Amino acid sequence: MRLLSTKNISPKQLSAATALVSALLNTAFSLLLTNSLWTVVAVFIVTFLVTYGVYFYTLQVFIYRKIKVIYKFIFQTKATKKEEFFYNNILPQKSIEEVSRDVARWAAQRRYEIDALKENESFRKEFLMNLAHELRTPIFTAQGYIDTLLGGALADPEVATRFLSNASRSIDRLVRLVDDLNEISKLESGRIGVVESAFVIQDLIREVYEEFSMQAETKPMTLTFKKGTEGPIAVLADRPKIRQVLANLVENALKYGHDGGTVTAGCYSTDGQRVYVEISDDGPGIPETHLPRIFERFYRADKSRNREIGGTGLGLAIVKHLVEAHGQTITVRSKPGVGSSFGFTLREARN
Ligand SMILES: Nc1ncnc2c1ncn2[C@@H]1O[C@H](COP(=O)(O)OP(=O)(O)OP(=O)(O)O)[C@@H](O)[C@H]1O
Ligand SMILES: [Mg+2]
């Protein structure tokens, strides 16, 4: 009985134990019927072998082959050497309890995958809704101006010019939105490769500052470096893509920053392997509730205000993709009324 209740008993052991019990019983009976030692021994051997054979065969056919099918289904792979080893050596050792645990684990994993798929599905729906909404605004605006022009406003050249330039601005916004969407879908389908080269990150930041110098002057805002981090640090990355990352971050800092504020870039070599680049501003900051979602497509912290400023909420989503395409990470720290800091890592170039 102890043998039978042992958990990890293999089919061979179980058959042997059963065969031994029947053989002993038969032998005991045959002892009552005959005095011939040979007959008794023969009864023992024959009973043992036949019971063993029948029992083992039954176990194999009716239980283990079925369990094997379950495992084949779980693994969903063709037989490999490793799998053969599993069937021949590991599976026979498994108790029914272990098999049921394996199946439960497999089911849990499937459930997890299904949950992920469902989440994706709702994400997709939300994305389409946002997209329709974002497209509708500039299209309806342009349509409104054009309809008014056709309805008679063309007669007044001054009004006509103003309406046309308003319509044109809406179309510009539409074009930018489509460009951004195109960019993001390329990034998400992983079709954009990263072409790395070594360059000095501070030089690139200066280039981006130069690009935004007019915008900074009119706001006005100051574009600077954090003291002590102006020195050259060489990184290994895709230069045009990192330029795009920096341009988006500087653009945001200028767009949302207070007049008279400052944008500060900091570059830090961390462990000799990675460089930490941070673009900070002393603007309005982002409330903590929005921080976890700030990198999502179409997400804006302050919808009413931002619509005036004219963002689509795709900038940071693109930035995140670009940084992650490098195998690096981007984070945000922000405090309302104090400012925001967007920091990302890059690989340091070794000499
Ligand atoms: N430096 C910042 N200071 C304060 N809020 C910011 C800053 N950067 C981003 N945000 C907030 O995060 C939101 C998302 O930024 P993101 O760059 O993705 O979109 P956007 O600037 O609105 O539009 P786009 O960049 O596509 O023109 C912004 O709408 C804004 O609310
Ligand atoms: Mg932006």
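Modeller: One definition to begin with: helices are DSSP runs of H or I with at least four residues, numbered from the N terminus. Bear in mind that this is a predicted model.

Biologist: Are helix 2 and helix 3 roughly parallel or roughly antiparallel?
Modeller: The axes of helix 2 (residues 11-33) and helix 3 (residues 37-75) come within 7 Å and cross at roughly 150°. Angles over 145 degrees count as roughly antiparallel. That crossing angle therefore makes helix 2, relative to helix 3, roughly antiparallel.

Biologist: What is the handedness of that crossing, where helix 2 passes helix 3?
Modeller: The residues of this contact divide into 17 nonpolar, eight polar and one charged. As for its hand, the crossing of helix 2 and helix 3 is right-handed.

Biologist: How do helix 3 and helix 5 run relative to each other?
Modeller: Helix 5 spans residues 96-150, and its axis lies 11 Å from that of helix 3, at an angle of about 20°. Angles under 35 degrees count as roughly parallel. Helix 3 and helix 5 are therefore roughly parallel.

Biologist: How do the residues of the contact of helix 3 with helix 5 divide?
Modeller: The crossing of helix 3 and helix 5 is left-handed. Helix 3 brings I63, I67, I70, Y71, F73 and I74, while helix 5 brings I96, E98, V99, D102, V103 and W106. By class, the contact residues are ten nonpolar, no polar and two charged.

Biologist: Is S280 buried or exposed?
Modeller: S280 sits in strand 5 (residues 274-281). Under 20% relative accessible area counts as buried. At 17%, S280 is therefore buried.

Biologist: With which side chain does the side chain of S280 make a polar contact?
Modeller: Leaving out residues up to four places away in sequence, S280 touches T262, V263, T264, S340 and S341. The polar contact between side chains, at 2.9 Å, is with S341.

Biologist: What is the relative accessible area of R300?
Modeller: R300 is in the loop between strand 5 and helix 10 (303-309). Its side chain makes a polar contact of 3.0 Å with the side chain of E134. R300 is buried, at a relative accessible area of 4%.

Biologist: How far apart in space are R300 and G311, C-alpha to C-alpha?
Modeller: In sequence, R300 and G311 are eleven residues apart. In space, their C-alpha atoms are separated by 8.4 Å.

Biologist: What is phi of F298?
Modeller: F298 lies in the loop between strand 5 and helix 10. The residue is buried, with a relative accessible area of 5%. Most residues other than glycine have a negative phi. Phi of F298, however, is positive, near 70°.

Biologist: What is omega of the peptide bond that joins K219 and P220?
Modeller: P220 lies in the loop between helix 8 (213-218) and strand 2 (222-225). Most peptide bonds are trans. The bond between K219 and P220 is cis, with omega about -10°.

Notes
Residues numbered from 1 in each chain as written. Chains lettered and ligands numbered in written order. Predicted model: local features only at pLDDT ≥ 70, side-chain atom pairs only at ≥ 80, totals over all residues. Heavy atoms only, no water. Axes fitted to C-alpha atoms, helices over the stretch in contact; angles between N-to-C directions. Helix = DSSP H or I, 4+ residues; strand = E, 2+ residues; numbered from the N terminus. Parallel < 35°, antiparallel > 145°, perpendicular 65-115°, else oblique. Left-handed = near helix turned anticlockwise from the far one by under 90°. Nonpolar A, V, L, I, M, F, W, Y, C, P; charged D, E, K, R; others polar. Buried < 20%, exposed > 50% of the residue type's maximum accessible area, 1.4 Å probe, protein only. Polar contact = N/O pair within 3.5 Å; in protein donor to acceptor, adjacent residues only side chain to side chain. Contact = heavy atoms within 4.5 Å.
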